[in-house]
Amino acid sequence: MRNFLIAAFVAAFLVGCQSTETQSPAPIEEPAPGSAAAGAAAGAAAGGATTSGATTAGVSGAATGGGLSPALKDPKNILSKRVIYFDYDSFVVKDEYRAQVEAHAKYLQTNRPANITLQGHTDERGSREYNIALGQKRADAVKQLMRVLGGTEVQIETVSFGKEKPKASGHDESSWAQNRRVEIIYVGE
Amino acid sequence: MPRLLRLARFLLPLVALALLAVAPARAQLDIDIIGGSGTLTPIAIVPFENENNWPLGITGIVGADLVRSGLFKLVDYAGVVPRPARAEDLRADDWRSRGADAVVVGSMRAQGEGRVEVRFALVDAVKMKQLAAMTYVVTPAQFRATAHKIADAIYEALTGDVGVFSTRIAYIAKQGPRYQLYVAEADGYNAQVVVTSNEPLLSPAWSPDGTRIAYVSLENKKPVVYVQSLETGRRQALANFRGSNSAPAWAPDSRRLAVTLTKDGGSQLFLINADGSGVQRLLASPGIDTEANFTPDGKSVLFTSDRGGTPQIYRLSLGSNAVERMTFEGGYNVSARATPDGKGFVFVRRDGGRFQLAIQDFATRQVQVLTSGPLDESPSVSPNSKLILYAAEQGGRGILAAVSSDGRVKQRLVAPATDVREPAWGPLPR
């Protein structure tokens with residue numbers, strides 16, 4: 001007998017299993033760059049930034065009192081569009097998303113206290129960690145464009161979920177295409 | 001049974017596949033040996049004297065360990081009367097006729113206060129020469145650990161390599177929306193939950209001293225690297241900077257880690273002390289640098305970079321800061337893990353659409369493909385460099401699998417109704 005199956009069954013000594021869900025504070029955290037003070041300072045520094053570009057978005061989306069504008073969730077407003085899709089192995093923000101990216105950039109320009117997270121995602125193919133880096137590169141590409149169009153460094157954090165949070169669960173190109181994306185999330189939403 | 005058909009494609013004859021209907025609790029792993037070495041060493045393991053005085057024996061576990069290595073087959077001891085318990089009880093004729101190269105005998109004796117003396121001897125059945133012997137005084141709660149130690153001693157005496165039956169493995173199990181980091185014995189038993197989260201967990205990495213596990217959690221809506229003590233269960237965020245924090249890799253001294261941070265732009269390699277202090281940049285590149293992995297001498301770091309246009313494996317020499325490209329074949333070579341013997345590294349390559357494991361020798365640069373894919377990833381090499389544990393997919397579900405570093409022995413580790421991924425082989429116990 002050269003091959004064996006070891007059916008390894010155990011009277012589950014899982015009594016001792018504890019789940020550690022405690023949150024210990026991070027010992028090392030950079031000061032939150034997106035704090036209201038930082039945002040205000042950045043806004044002041046930007047000085048003469050105008051809102052003229054907001055016409056691209058159709059609606060200026062200017063928020064009052066530091067809160068987020070309802071325009072961000074208005075399905076009729078381009079600001080409610082929050083996902084940018086990418087081609088395979090690509091980090092290029094396609095032209096069709098330009099208006100959308102610009103609208104959010106102008107919103108950030110008009111609302112300096114507002115902060116966003118750009119969350120990069122990939123399809124399921126390849127190494128988990130390398131996909132984290134790929135998703136990051138996509139998020140960074142969107143950030144780059146937003147900075148050119150009016151957002152500031154301090155307002156935009158880029159992070160990546162790699163292939164860990166697919167939107168579509170299939171294993172074909174139509175699912176993969178939905179998973180190669182960057183999501184725009186407003187802090188405090 | 002489609003499962004069998006899948007196997008039959010690339011496996012040696014399958015003698016028995018007996019998946020029992022009783023589902024073990026939680027993400028307990030069941031291990032199938034699905035391919036073996038060309039020649040198996042025949043070994044007889046005689047039940048120890050008085051062993052059936054205790055409900056959980058020892059020799060059954062020793063035998064299972066040895067068979068699981070893919071290097072041994074068990075020889076039937078039935079008919080040898082009286083049953084031997086000491087090396088001097090053995091008669092060469094009994095074992096020659098049964099074809100055994102080696103025989104294991106032993107005894108167990110209650111010593112009061114719940115302690116048990118366990119003795120064993122390993123004997124060359126042809127020369128009738130004792131190869132190894134040991135006495136342990138343990139409690140029944142330590143029987144499994146003792147059995148693994150005996151199996152390690154036998155494995156080392158017969159193969160010349162260190163046994164890894166006493167080691168532990170870590171892995172991530174996903175059940176529905178729940179992710180759990182588990183630690184289990186190398187044979188899949190005694191799976192214990194280390195941490196539970198409703199967001200993805202990935203990249204577990206054992207500290208080389210075996211006391212802590214670093215991992216990446218997305219629970220804060222971004223990748224953050226944590227280090228958790230296995231003794232106290234306490235954890236701390238090791239790297240929680242602006243941007244993404246991922247790919248922890250311990251230095252051999254357990255005092256520092258390499259991590260991938262994006263805080264200064266791009267995915268770049270940094271060193272950080274195990275308490276989260278002393279962050280320093282390791283390298284600067286215009287593209288992606290990630291998946292660091294220290295060589296066992298601590299003098300260099302293997303990593304994945306797209307600096308040349310496609311993801312390839314590079315080696316950074318920490319003394320000179322020289323960077324050398326290691327892989328050249330194919331457009332996707334990632335996830336390098338140095339083998340503990342210092343001779344080379346295991347990595348994942350893409351061949352067409354298939355992701356496969358391969359091993360490359362530092363000296364000869366020769367590459368050997370070890371698995372056929374299609375979605376093999378996250379390799380982790382055993383401390384004796386003989387086996388590689390990795391994540392694979394079977395029937396749309398994540399499973400763990402193992403392959404020997406010569407590609408001959410193959411195993412699958414399956415947990416019922418659970419996606420299992422991200423295996424990490426723990427160090428040798430101290």
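**Domains and a helix**

Guide: Chain B is divided into domain 1 (40-159) and domain 2 (168-425), with bounds from an automatic or database domain assignment. This is a predicted model: local features need pLDDT of at least 70, side-chain atom pairs count only at pLDDT 80 or more, and totals for chains, interfaces and linings use all residues. Residues are numbered from 1 along each chain as its sequence is written, while chains are lettered from A and ligands numbered from 1 in the order in which they are written.

Visitor: How many residues does each domain of chain B put into the contact?
Guide: Domain 1 of chain B gives 5 residues and domain 2 of chain B gives 6. Contact means C-beta atoms, placed from the backbone, within 7 Å.

Visitor: Which helix gives the most to the domain 1 side?
Guide: Helix H2 (residues 59-68) of chain B, with 3 residues. Helices are DSSP runs (H or I, at least four residues), numbered from the N terminus.

Visitor: New topic. Where does Arg138(A) lie?
Guide: In helix H3 (residues 128-148) of chain A.

Visitor: Is Arg138(A) buried or exposed?
Guide: Arg138(A) is buried, because 26 other C-beta atoms lie within 10 Å. The cut-offs are 20 or more for buried and 12 or fewer for exposed, with partly exposed in between; C-beta atoms are placed from the backbone.

Visitor: What does Arg138(A) touch?
Guide: Phe86(A), Phe91(A), Gly120(A) and Val182(A), leaving out residues up to four places away in sequence.

Visitor: And how many residues of H3(A) are buried?
Guide: 17 of its 21, so H3(A) is mostly covered.

Visitor: What comes just after H3(A)?
Guide: Gly150(A), with a positive phi of about 135°.

Key:
Two residues are in contact if their C-beta atoms, placed from the backbone, lie within 7 Å. Helices (H or I, at least four residues) and strands (E, at least two) are DSSP runs, numbered from the N terminus.
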